[in-house]
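Please view the sequence and the model together while reading the points below.

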Amino acid sequence: MKFKYLFLFALLYSSILYAQEVNSDSPGSSQSKKILRRLIIGIRGGVKLPGERIDAGPWGGLYVNMPTGKGWSLQLEYNIWVAERDLRADLFAPEWAMLVAYKWNIKRTYIRMLGGIGGISSGESWFGGNRDFLLSFNIALNVGFNFSKHISGFLQIRHQRAAELNAGGGIGFTPWLLGVGFEFDF
């Protein structure tokens with residue numbers, strides 16, 4: 001529920017910044033800034049690499065990227081990875097995350113760095129059951145190619161650190177995630 005409000009705040013903030021820039025610039029230069037202000041929706045999938053206590057497994061997610069300035073954006077994500085924890089059960093780890101991103105455009109290619117926090121609800125089933133709620137920190141690197149004005153594809157490498165906020169320690173994961181994705185901007 002908190003992430004819904006965070007998403008709405010980010011969308012409102014992005015809209016206010018955009019309105020201020022359009023109103024303060026000359027009419028000729030506002031057209032180029034509109035191109036930078038498009039909402040981007042993306043999907044990705046890949047593999048969670050094997051770790052110390054958890055095997056490899058599928059990983060995927062959806063996201064909405066909201067540009068806030070030249071190269072900068074906020075990205076709200078829903079991700080999930082599944083892996084075999086032991087011979088008895090699989091581990092399902094859905095996550096909501098809010099990341100800050102910076103994008104460098106290089107002709108038809110781009111590089112995007114991302115970093116931020118999120119919340120994971122891990123357990124032996126997708127919903128319900130005995131769940132552990134963890135705080136996550138994510139850093140990622142996207143290397144992409146613009147197929148057209150509105151469609152691009154990318155490769156992503158991501159490192160996630162998720163742990164309980166206990167003084168004495170607790171459950172924690174530090175997976176590496178590799179994936180490919182597509183994004184559509186409006």
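Of the 186 residues in the protein, 40% are buried (under 20% relative accessible area with a 1.4 Å probe and protein chains only; exposed means over 50%, and partly exposed lies in between). The model is predicted: local features need pLDDT of at least 70, side-chain atom pairs count only at pLDDT 80 or more, and totals for chains, interfaces and linings use all residues. Residues are numbered from 1 along each chain as its sequence is written, and side-chain values use heavy atoms, with hydrogens and water left out.

**Overall fold**
- The protein contains two helices and nine strands (DSSP runs numbered from the N terminus: helices are H or I of at least four residues, strands E of at least two).
- Along the sequence, the pattern is α-α-β-β-β-β-β-β-β-β-β.
- Among contacts (heavy atoms within 4.5 Å) with a separation of 6 or more, 54% join residues 24 or more positions apart.

**A buried residue**
- Leu114 lies in strand S5 (residues 109-123).
- Leu114 counts as buried because its relative accessibility is 4%.
- Leu114 and Ala140 are 26 residues apart along the chain, yet their C-alpha atoms are separated by 5.0 Å.
- Leaving aside residues up to four places away in sequence, Leu114 touches several residues, including Gln75, Leu99, Ile139 and Gln156.

**A partly exposed residue**
- Phe145 belongs to strand S6 (residues 131-146).
- Phe145 is partly exposed because its relative accessible area is 35%.
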